[in-house]
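Visitor: Could you walk me through the aromatic rings here, please?
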Amino acid sequence: MAGMGGRPSIYPSLLYTDAKAAIRQLTEALGFTELSVYEAADGTVMHAELVQGNGAVMVGSKGRGGRFDAAMKDAGPAGVYVVVDDVDAHHQRAVEHGVEILMPPTDQDYGSRDYMARDAEGNIWSFGTYAPEIGA
């Protein structure tokens, strides 16, 4: 799980009104690592990639222009599930950084331990141990 290399084949892509603040929250409070951030001259985040384990999300600024930005204009919040090794430690870090917790760490009947949080712009992030095996 955590620390595995390779190239993920699915990248959730989220646009934020304040993408720099979102990147700070995702890295400082929710344990993502900044892989790359590309900014326009005015500070607009054109594209960023944040990594957790062997997965990644793409982040950008709303209003940056382009077809994806136009298509996402009226999109509501998204939900993303992220596999972490130590759910309780991850949750504690989020709490210490003031992240809104929607569900504390809970043992699920399907064998996972998860918690749910809402980021500063309303996206729902679930962190847990559920990691289905995907065939090679």
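Guide: Rings of Phe, Tyr and Trp (its six-membered ring) pair if their centres lie within 6.5 Å, and planes under 30 degrees apart count as stacked, over 60 as edge-to-face and the rest as tilted. This is a predicted model, in which local features need pLDDT of at least 70 and side-chain atom pairs count only at pLDDT 80 or more, while totals for chains, interfaces and linings use all residues. Residues are numbered from 1 along each chain as its sequence is written, and side-chain values use heavy atoms, with hydrogens and water left out.

Visitor: Which rings are linked into a cluster by ring pairs?
Guide: Phe 32, Tyr 115, Trp 125 and Phe 127 are joined that way.

Visitor: And how many aromatic pairs does the structure hold?
Guide: There are five aromatic pairs. In one of them, the ring centres of Tyr 81 and Tyr 130 are 6.4 Å apart and the planes stand at 85°, so this pair is edge-to-face. The pair links distant parts of the chain, 49 residues apart, with Tyr 81 in strand β5 (residues 79–83) and Tyr 130 in the segment after β8 (124–128); strands are DSSP runs (E, at least two residues), numbered from the N terminus.

Visitor: Is Tyr 130 buried, exposed or in between?
Guide: Tyr 130 counts as partly exposed because its relative accessibility is 40%, where buried means under 20% relative accessible area, exposed over 50% and partly exposed in between (1.4 Å probe, protein chains only).

Note on methods: Helix = DSSP H or I, 4+ residues; strand = E, 2+ residues; numbered from the N terminus.
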